[in-house]
Amino acid sequence: FSPLKADLRASDGYVWTKAEVKKWTKLLWHTSKAEWKCLYDLNMQESKWDYTAQGDKTRQGRAYGIAQALPPDKYEYISTDWRTNPMTQVVWQKKYIELRYKGKPCYAWKHERRHGWY
């Protein structure tokens, strides 16, 4: 399973399993076990690793995807295929955590637990 094959699948309308999403995410992040655990727990809390997960309706719309981006069109920073491509969502989440939490999923997870969002 390689990111290249994953990219080809995503462009074909491939429906990803949660196991595949987690595997690809782990390859992309290539981080310590502790940071992976934080990212895993964060994504379990946010979306249960479901790239089609939708949050409750808010003034800004509904959060969407693995990272529960709100508004969800934030994912377009990476690609317009964010509704159907979990890789787009994971890459966006990685960039977001890099910018906001110094690249540390554990910082994001700590914020999530304290404030209910990250």
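This is a predicted model: local features need pLDDT of at least 70, side-chain atom pairs count only at pLDDT 80 or more; totals for chains, interfaces and linings use all residues.
**Exercise 1: the overall layout**

Work out how many helices and strands the protein chain has, and in which pattern they follow along the sequence.

*Solution.* Start with the count: the protein chain holds five helices and two strands. Next, read along the sequence, which gives α-α-α-β-β-α-α. Then turn to the burial of the chain: 42% of its 118 residues count as buried. Finally, take the accessible surface, about 7200 Å², with 52% of it belonging to carbon and sulfur atoms.

**Exercise 2: the two strands**

Find the sense in which β1 and β2 pair, and how many residues lie between them.

*Solution.* First locate the strands: β1 covers residues 54-58 and β2 covers residues 61-64. Their pairing is antiparallel, over three bridges. To see this on the model, pick Q54, which stands opposite Y64 in β2. Two residues sit between β1 and β2, and the two strands form a hairpin.

**Exercise 3: helix α4 from end to end**

Compare the reach of α4 with its expected span, then describe what flanks the helix and which of its residues are buried.

Now look at the ends. N85 caps the N-terminal end, with a side-chain oxygen 2.9 Å from the backbone nitrogen of M87. After the helix comes K102, with a positive phi near 55 degrees.

Last, apply the burial cut-off of under 20% relative accessible area.

Methods: Residues are numbered from 1 along each chain as its sequence is written. Side-chain values use heavy atoms; hydrogens and water are left out. Helices (H or I, at least four residues) and strands (E, at least two) are DSSP runs, numbered from the N terminus. The expected span of a helix is 1.5 Å times one less than its number of residues. Buried means under 20% relative accessible area, exposed over 50%, partly exposed in between (1.4 Å probe, protein chains only). A polar contact is a pair of N or O atoms within 3.5 Å; within protein, one must be able to donate a hydrogen and the other to accept it, and residues adjacent in sequence count only if both atoms are side-chain atoms. Two strands pair if DSSP finds at least two bridges between them. Accessible areas come from the Shrake-Rupley method with a 1.4 Å probe; for residues, only the protein chains shown count as cover.
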